[in-house]
Amino acid sequence: MRPPSRTTPGKPLPAPRRGRRQARTAAPATSANPHPARAGAAPGREPQRIAKLLARAGIASRREIERMIADGRVAIDGTAIDTPATLLQSLKGVTVDGKPVAPPAYTQLFLYYKPRGLLTTERDPKGRPTIYDKLPEGLPRVMPVGRLDMNTEGLLLLTTDGEFKRQLELPSTGVERIYRARAFGKVTQDQLESLSEGVEIEGVRYGSIDANIERRTGANVWIEMKLREGKNREVRRVLEYLGLEVSRLIRVAYGAFELGDLQPGEVGEIAQHQLVAFRRTLKPAKSSKPGEDA
């Protein structure tokens, strides 16, 4: 397997060479979304909900689009719509904030090494730095798959397709996330293995977690954790429940995609044939609230 094609913050993303990059590693699309880092698979001929079409076009997540519609920001032929259930065959004549929406392009997926100290959001009311402040130039409009909290680093998937984003986030899809945590305190392998049955913490039920001690360094221990739900701050809360203090948390894999040798701030693109192969392995998504990762 060849190493991923990478780019660093502040440097333009190089033009892709289709079909020769490994799955760990683009044509920019225009849209009504004002952020330069925000196109997905082309819609079929059957009528579909406008919220779904806009999500696939990379405007925003489906839930965010529903809020935009409620705010009167989405129109068809100049007339604002009031329901995300509006059925359309294409986005012809659709505008967001008065700007025409470009037809969806093919889905793209990128791997991003999110550094610590960045929020996984477009903007922060408190003015704190976000991933969009640090992404390299030259990316198409992308949306993060799930979230990593401000002090968590590692693999964050970025996609141009809002529907694909939603599919990857849903627990029912069964996509595994792998983390490495450095924690202060004492814990046994037996305690970690008990997490395979799930655990309830302050009224929140967490599903099965495969956790194993990697090594001990003095008073610290490195633990690998595999999970499929990705609830808000799940890894930190579970380890704190076991009496550990997490000092570093890194997501090293999401489904078939690994962090590999990406460095903080770098981005790599997934080859199209590998993306197609991965999508065939996904379980059918059931309607449910997407998770938010550690």
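A residue is termed buried when its relative accessible area is under 20%, exposed when over 50%, and partly exposed in between (1.4 Å probe, protein chains only). At 0% relative accessibility, R251 therefore counts as buried. The structure is a predicted model, in which local features need pLDDT of at least 70 and side-chain atom pairs count only at pLDDT 80 or more, while totals for chains, interfaces and linings use all residues. Residues are numbered from 1 along each chain as its sequence is written, and side-chain values use heavy atoms, with hydrogens and water left out.

R251 is found in strand β15; helices (H or I, at least four residues) and strands (E, at least two) are DSSP runs numbered from the N terminus. Because 7 of the 10 residues of β15 are buried, the strand is largely enclosed by the rest of the structure. The side chains of R251 and Y179 are joined by a polar contact of 3.3 Å (a pair of N or O atoms within 3.5 Å; within protein, one must be able to donate a hydrogen and the other to accept it, and residues adjacent in sequence count only if both atoms are side-chain atoms).

Strands are taken to pair if DSSP finds at least two bridges between them. β10 and β15 run antiparallel and are joined by 8 bridges, with R177 opposite Y254 of β15. The pairing of β9 with β15 is parallel, over 2 bridges, and here R251 is the bridge partner of G154. β15 is also joined by 2 bridges to the antiparallel strand β16 (residues 257-258), where E258 is the bridge partner of A253. The hairpin of β15 and β16 has 2 residues between the strands, and G255 takes a positive phi near 65 degrees in it.

In α6, E234, V235, R236, V238 and L239 are buried. The buried residues of this helix pack against β10, β11, β12 (204-206), β14 and β15, where contact means heavy atoms within 4.5 Å. Just after α6, G243 takes a positive phi of about 85 degrees.
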